[in-house]
Amino acid sequence: MSSNKKYWKSVEELNENSSIVETLRNNEFVEEIPTDEFLSDKEALSSSSTTRRDFLKYVGFTTAAATLAACEGPVHKSIPYVLQPEQIIPGVADFYATSMFDGFDFANLLVKTREGRPIKIENNTIAGAKFAANARVHASVLSLYDSMRLKITKVAQKDATWQEADLKIKASLADAKTKGGQVVLLTNTLASPSTEKLIAEFIAKNPTAKHVIYDAVSESATLDAFEAVYGERALVDYDFSKANTIVSLDADFLGDWQGGSFDSGYAKGRIPQAGKMSKHYQFEANMTLSGAAADKRVPMTIANQKQALVKIYNIITGSAVSTRKVDNEDVVIRAAQQLKAAGSKGLLVSGIQDKNAQLLVLAINQALASEAFSTIGTRQIRKGSNEKVAQLFADMNAGSVHTLIMSGVNPVYTLADSAKFVSGLKKVKLSVAFSLREDETASITNIAVPAPHYLESWNDLMLTKGTYSLTQPTIRPLFSSKQFQEGLLSWIGNSADYYDYIKANAVSYTNGASWNQTLHDGVAVGASNGASASSADYAGAANSLAQSKPANGFELVLYTKTGLGDGQQANNPWLQEFPDPITRVAWDNYVTVSKADADALKLENNIVANGGLNGSYATLTVNGIKLENVPVIVQPGQAKGTLGFALGYGKKVGLKEEMQVGLNAYAFYAGFNNLQSASIVKGSGEHEFACVQSQKTLMGRGDIIKETNLTIFNTKDAKEWNTIPMVSLDHKEVPATSVDLWDSFDRSIGHHFNLSIDLNACTGCGACVIACHAENNVPVVGKSEIRRSRDMHWLRIDRYYSSEDTFAEDNEKKENFDGLFGKKGSLGGFGEMESPADNPQVSFQPVMCQHCNHAPCETVCPVAATSHGRQGQNQMAYNRCVGTRYCANNCPYKVRRFNWFLYNGNDEFDFHMNDDLGRMVINPDVNVRSRGVMEKCSMCIQKTQLTILTAKREGREVAVNEFQTACSAACSTGAMVFGDVNNKEDQVAKLAEDKRMYHLLESVGTKPNVFYHVKVRNT
Ligand code: SF4
């Protein structure tokens, strides 16, 4: 029986006579629907005769129209060639040999262009082209497409033409000539015979003119010492491959010391061959790439290093200059004795910015008759003179400079006392800057001329004496730029263009090679005589050095980071996002402090709940200049009493807001000396770092980075130092690599790609990371996304510290854990192992998709978006991917990257993929991924397929070692070797058989196609 219960919504309903009740009864909705709000005119609506049928018609039509409109893809206009250039085949890349030098970095290159766009930098491997590209040079192709470049000439900060500017400059030069006013050409080191000749001609026509060379990061002390002894202002081009014993005092020769590019020679001596490898001692204040690679690294203040250098000088030359005692003196003596024993196979290098120290370096290497030290073919890449630069600024302030023409320099940013330069500039009658960007200097000069990028320019270079390189344009100038050399030609009244000028000069340098041949090869090697040494007062230098006073307070050691170098490319998002190889921090500079000093000063680093790294702020004071809110990184291995601070950051003019990160350490670079006395106190607040690796140590997991020492390597069976993990199978211990859940395919047919990574040769330089970025259109995500661990790098260089002094001691400690609790318990023990030692050993390990033959990612993908290729590559079908991210969770190597956002054409990610100019760098052979899909290393499948198809088209087999990936091609140390293991002649096939070979996490049974080589230290 149904209930008679009455239900009501409001008391009003109980009143039968209420009009509201009546309304409610007849209407579905209590309130009137505001149709007038969306149909605007209520009157018209009530008188409308639209029937239900019409209504459905309209709805149907508009729904269909909206659906069709939504289906329309974005319109990309492509304009065909009206007259197709003969040399360009759409879809086929062209390569041009060129060389670059920007006053700091230099390299011999091949530039890959697609349909007229340079898109990738490769190393020129032809004989004679000896300088490979570092991370910054690889990234320089993106700087070509920098939307913040200076695009048009400015006169008095207003748009003008080059002709107008040229007339003003000529008038000023004529005025200077008449009045006897000083004309100064202020440039970076040029290393260009034609430019130097042009400058000589300019000075001949303008007798009051002079040329001043200014290197933002000075090598003046070394140049002064070399010039004093050898009569030539140059640097030694050390050949580290010829040294069996290397002793370095604060010379980061695997970084930017004296221009860098020593890594390939060094790596040759680091691969154990016939039981031998070089022995490397490193004494340094900051933790550097060279320190990380050393067999014995000793953290030491610069003051103590000066004493150590004199001690080494005493032992090598038999002198008896008295010195102060230093910490770790036993290691210094041991290093000196080994150096002496090595004789001509020994080498000593130093980065101490002191002429006396550099004189001792020359004396020691002369005494050793070091083969690695040769005065033939000296480096011409630094020529600056601190004295002459200081004199110029004094002259400017005295009002005695009439016309100042600058090229390739930005003193307002790079000078410690830039205010003095700015005040001097105001007294100069005409100031001109040829500059890529409207930077700190160009924005305040009377005339700013847009300089072309090196990929748009003609030039010649003499990077080392006797080796002639050509720079050729690979694209027409993107803007109305004018090269400094074209200006010089105009001012001396020479109507030739710079191309003709170089060509006319080239015959003196090409050693008989034709112009076309030199242009094709990029280099021509000629003969060069070595300079002979004159006598020098080495004993006096040693005495002065021994008496040098230690710093008051902390030693501040200024350095350049692998990412930004001297800061010229601060607007390059690839470089800003590049994690520092040592600290693993991107998008920042900071002061590095030792653990002991940090504890005393209460400076901290901590990992916060979201996994991000936070650090204290500090106030740094140097020479009375105070810099507040300097973020602090507590750096294992930093010498106690020293601080490190990177130059190249804190630029504010001529770059996007996102790139204006960090603080300008040049403010502390007084007297062009990288060593300053500093005081530091804790500030308030915490800095949020974008750090990509928060775990620091291996905690004794020797199966990730396998390390041993040379003695064990030479005397013990490989099973002992390259242990294979064992598992239990049918109650028997068997090697984990022999157990399989899956049936194996026959992989002996066709190509089977493998990538070999030698931990002995990898210096952590990161060239491979940027090359991968460029080749594979890897997006930049910015600082806040990196902090959320959403970096998109397909290839990362993990850096591990040991928790004891060595990785071997780590392993030993772990092996001796006994039970959970107590002194030897694993609970507390593992906790302790999380903290790196004060002076830990360091190892780098490049990790990318391991292309497992039994890939855990493939089995969990619900839509088969990731699957295995016949040639060993683990492939991603982006179109299939639905973004469940199961694969990333199941990957033991954590190499899969998820696109949280659309990174291209998105104002939230205003990097190169968000502007038309920046997008010109995109590689058309690789798609640009959208949001919601997983991406990762493909082993450059576009490159392997191209190699196969090229061989097929040419009717031949793929040549030995012809296969390359972007990373293997970029790696100048030979740490990465890619190839086909089915071709037994390929280098990779031989490396796969080496007794040092192991796979990462073998115990997981993934059977990767990437393998590593056990690191051997000569300890
Ligand atoms: S693998 Fe080669 S390119 Fe990459 S970081 Fe190591 S040395 Fe540099």
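Two strands count as paired if DSSP finds at least two bridges between them, and strands (E, at least two residues) and helices (H or I, at least four) are DSSP runs numbered from the N terminus. The model is predicted, and local features need pLDDT of at least 70, side-chain atom pairs count only at pLDDT 80 or more, while totals for chains, interfaces and linings use all residues. Residues are numbered from 1 along each chain as its sequence is written, and side-chain values use heavy atoms, with hydrogens and water left out.

Begin by selecting strand E25, residues 675–691. Strand E19 (residues 585–586) pairs with E25 in the antiparallel sense over two bridges, and here Ala586 stands opposite Ala690. Strand E22 (residues 613–622) is also antiparallel to E25, over nine bridges, with Thr621 opposite Ser679. Four bridges join E25 to strand E18 (residues 554–560), again running antiparallel, and Phe554 faces Ala678 there.

Next, select the open sheet of seven strands, whose order is E5-E4-E14-E13-E12-E6-E7 and whose pairing is mixed. Its edge strands, each pairing on one side only, are E5 (158–159) and E7 (209–213). Inside this sheet, E13 (residues 430–435) and E14 (residues 447–450) run parallel and are joined by four bridges, and Ala433 stands opposite Ala448.

Now move to the aromatic rings. Rings of Phe, Tyr and Trp (its six-membered ring) pair if their centres lie within 6.5 Å, and planes under 30 degrees apart count as stacked, over 60 as edge-to-face and the rest as tilted; the whole structure holds 40 such pairs. Select Tyr214 and Phe393, whose ring centres are 6.5 Å apart with planes at 85 degrees, so the pair is edge-to-face. Because Tyr214 lies in the loop between E7 and helix H8 (220–230) and Phe393 in helix H14 (residues 386–397), this pair ties together parts that are 179 residues apart in sequence. Tyr214, at 3% relative accessibility, counts as buried, where buried means under 20% relative accessible area, exposed over 50% and partly exposed in between (1.4 Å probe, protein chains only). Phe393 counts as buried too, at 7%.
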